[in-house]
Amino acid sequence: MQQVLYHPEHGYYSSGRCVIGRKGDYFTNVSVGPLFGQLLASQFSEIWERLGKTNDFVIVEQGAHDGQFALDVLEFAQKRLPEFFDALRYRIIEPFPILEQQQRRKLEAFGDKVKWPDSLEPFTGIHFSNELLDAMPVRLINNGTEKLVGLDGDKFIFVERSQGRTASQPSGDNSASNQDALDWIDAVAASLQRGYVIAIDYGFLDEEFERNVQVRARHQNLDSPFEQIGYADITTFVHWGSIAERAQANGLRVAGFTDQHHFLTGIISKLGRGASPEPPADDWGQSSLPNSRKAKRELQTLLHPEMLGRAFQVLALAKNVEVEPTPLAGFKFARHPGQSS
Ligand SMILES: C[S@@+](CC[C@H](N)C(=O)[O-])C[C@H]1O[C@@H](n2cnc3c(N)ncnc32)[C@H](O)[C@@H]1O
């Protein structure tokens with residue numbers, strides 16, 4: 001997975017071959033349209049208010065692809081949330097030069113507001129990612145057996161290896177299988193001084209799920225990761241439980257966990273009721289929702305349980321933020337417990 005996705009020359013992501021959206025290999029929340037970024041901008045603005053409207057507020061994004069999410073957030077904030085926009089700085093952590101170039105082109109109009117540090121730096125604000133974690137390489141360990149990649153002649157095949165059982169790693173324990181994701185939360189926790197981590201992705205909360213990979217190209221599922229190597233995406237379900245646990249060990253608190261349907265519905269229910277007493281005007285109409293046909297279609301795709309609404313979950317982690325009597329807007333209708341722990 002590491003080589004296929006991230007080899008400097010041939011990797012699906014690092015080569016810049018990955019295309020998201022109708023003409024690409026798969027859809028994401030971001031590729032549905034600007035509404036996703038606009039709703040998240042509202043949630044970010046509420047967080048900024050809760051942190052005392054600090055004028056040194058940073059959004060750090062990882063897995064920013066071509067910069068479209070950043071563009072949607074910044075354009076919306078500039079137009080609708082000017083006070084928040086003034087306080088805001090946007091940072092993208094991008095390991096791949098070809099993607100950084102695309103992002104720089106797309107975000108040119110925002111000048112110095114957006115920067116590309118080489119690595120995570122200390123910040124107050126929000127770390128945001130959409131479908132970053134599912135792209136992190138994993139080991140396929142299930143019930144004490146690990147699947148490794150071997151060769152049969154000139155063909156790649158899976159080879160199974162028994163892990164053996166130890167007291168610290170009983171059979172069925174998946175804890176070591178997503179080391180990259182655990183290292184990532186360690187690093188994010190260390191650089192976040194005060195604020196939130198918001199990660200959106202698809203996965204499972206509990207311990208017992210069978211780790212596997214999905215392979216996708218041109219909106220089709222492929223049978224094997226050995227097909228179309230470097231031209232197909234390989235992803236895995238996120239093990240939320242282990243990430244939350246590791247975050248807590250690093251001094252973060254679970255501030256919310258729910259599915260995308262409930263998350264976005266919570267944000268929508270509070271739209272325009274933050275600092276500004278009036279709902280947004282213009283194409284957002286008198287109601288708190290956009291009323292163009294396109295925006296309604298986007299909303300349906302993001303919210304519908306059989307489209308993206310149930311497939312995705314949202315985990316929010318807080319650091320050095322007091323537990324407040326009301327959860328963040330996105331967790332107002334949260335279906336899962338875990339606001340405080
Ligand atoms: C599935 S895409 C998601 C793109 C975008 N967030 C969206 O929702 O449309 C995953 C992205 O994560 C990036 N990525 C993987 N590991 C990363 C890392 N350690 N730091 C930054 N980006 C990373 C990949 O290069 C890829 O662009």
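**View 1. T28 and the ligand.** Among the 17 residues around the ligand, Y6, Y13, T28, G63 and N130 come nearest; a residue counts as near if one of its heavy atoms lies within 4 Å.

A word on what you are viewing: this is a predicted model, where local features need pLDDT of at least 70 and side-chain atom pairs count only at pLDDT 80 or more, while totals for chains, interfaces and linings use all residues. Residues are numbered from 1 along each chain as its sequence is written, and side-chain values use heavy atoms, with hydrogens and water left out.

**View 2. F158 meets F226.** The ring centres of F158 and F226 are 5.0 Å apart with planes at 50°, so this pair is tilted. (Rings of Phe, Tyr and Trp, the last by its six-membered ring, pair if their centres lie within 6.5 Å; planes under 30 degrees apart count as stacked, over 60 as edge-to-face and the rest as tilted.) F158 belongs to strand β7 and F226 to the loop between β11 and β12, 68 residues apart. (Helices are DSSP runs of H or I with at least four residues, strands are runs of E with at least two, and both are numbered from the N terminus.) F158 is partly exposed, with a relative accessible area of 34%, and F226 is partly exposed at 24%. (Buried means under 20% relative accessible area, exposed over 50%, partly exposed in between, using a 1.4 Å probe and protein chains only.) K147 lies over the face of F158, 5.1 Å from the ring centre. (This needs NZ of Lys or CZ of Arg within 6 Å of the ring centre and within 35 degrees of the ring normal.)

**View 3. W240 and F257.** Here is an edge-to-face pair, 5.7 Å centre to centre with 65° between the planes. W240 lies in helix α8 and F257 in strand β14, so the pair ties together parts 17 residues apart in sequence. Both W240 and F257 are buried.
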